[in-house]
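I set down what I looked up, entry by entry.

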Amino acid sequence: MNLVLNPLGITLAVAFIVGLAGTLGWMLRVPPPAPRGATSSVRSVEAIRKVLVPILDLGASVRAVELAARLNQGHKAQMLIVYVHEIPLQAPLVTPQKDPRIQRALDAAAFIATQHAIEPRTKVNVARQAGHRIVEIAREEAADLIVMGISYQNRPNEGPLGRIAEHVVRNAPMEVVVDRVPKQKVAMIPTDQLTDRVSST
């Protein structure tokens with residue numbers, strides 16, 4: 001019996017063997033070892049369950065909510081947005097009557113969070129020093145991460161982060177992310193067009 005070799009058959013057989021070998025090689029290959037510290041860093045980010053975003057100003061702070069929401073994608077962490085109203089020493093330490101500026105800031109921040117399918121909690125507090133109260137709230141709420149947005153400002157006797165952010169970075173026991181936004185990149189959001197989406201707690 002004579003065996004006739006068909007060029008097309010040979011080509012198909014070779015292509016099949018090469019494809020099968022490639023598939024088996026891909027399935028059996030050993031992944032490269034992860035660099036030291038890489039896996040622990042991934043796990044530590046995935047472990048974030050509560051994010052605190054202080055509202056310091058309507059431009060950079062709202063941008064911080066966007067940053068916090070993007071960091072939170074896929075992790076389902078809770079978000080707490082807090083506005084700390086500083087009261088001078090000579091004034092009584094009581095919550096002022098409803099301030100439309102504070103409400104607009106909270107509305108804008110909450111609106112950004114809802115665009116990422118996050119329903120944030122909001123809180124308004126009063127304090128003599130906002131930085132101290134932010135750290136206290138972070139401890140009370142057992143926050144895993146604080147995300148702060150600050151605009152570039154040169155104030156006498158203050159560091160580049162400003163008085164409030166400087167205190168939070170130095171004293172918060174949890175991770176702190178500070179986003180310092182140049183003046184030209186701070187965009188004010190037209191909060192008068194936002195609906196009332198915030199339920200303060």
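I looked up the nonpolar surface and noted a patch of about 840 Å², made by Phe16, Ile17, Leu20, Leu24, Trp26, Met27 and Leu28. Patch members have over 30% relative accessible area and no salt bridge, nonpolar side chains being joined within 5 Å; a salt bridge is a Lys or Arg side-chain nitrogen within 4 Å of an Asp or Glu carboxyl oxygen. Areas are from the Shrake-Rupley method with a 1.4 Å probe, only the protein chains shown counting as cover for residues.

I note that the model is predicted: local features need pLDDT of at least 70 and side-chain atom pairs pLDDT 80 or more, while totals for chains, interfaces and linings use all residues. Residues are numbered from 1 along each chain as its sequence is written, and side-chain values use heavy atoms, without hydrogens and water.

I placed Leu24 in helix α1 (residues 7–28); helices are DSSP runs of H or I, at least four residues, and strands runs of E, at least two. Leu24 counts as partly exposed because its relative accessibility is 43%, between buried (under 20%) and exposed (over 50%).

I then looked up Ala127, in strand β3 (residues 121–127), and found it buried at 8%. Its C-alpha lies 5.1 Å from that of Glu86, 41 residues apart in sequence. Beyond four places in sequence, its contacts (heavy atoms within 4.5 Å) include Ile87, Leu93 and Arg133.

Key. Patch = residues over 30% accessible without salt bridge, like charges linked within 9 Å, V, L, I, M, F, W, Y side chains within 5 Å. Buried < 20%, exposed > 50% of the residue type's maximum accessible area, 1.4 Å probe, protein only.
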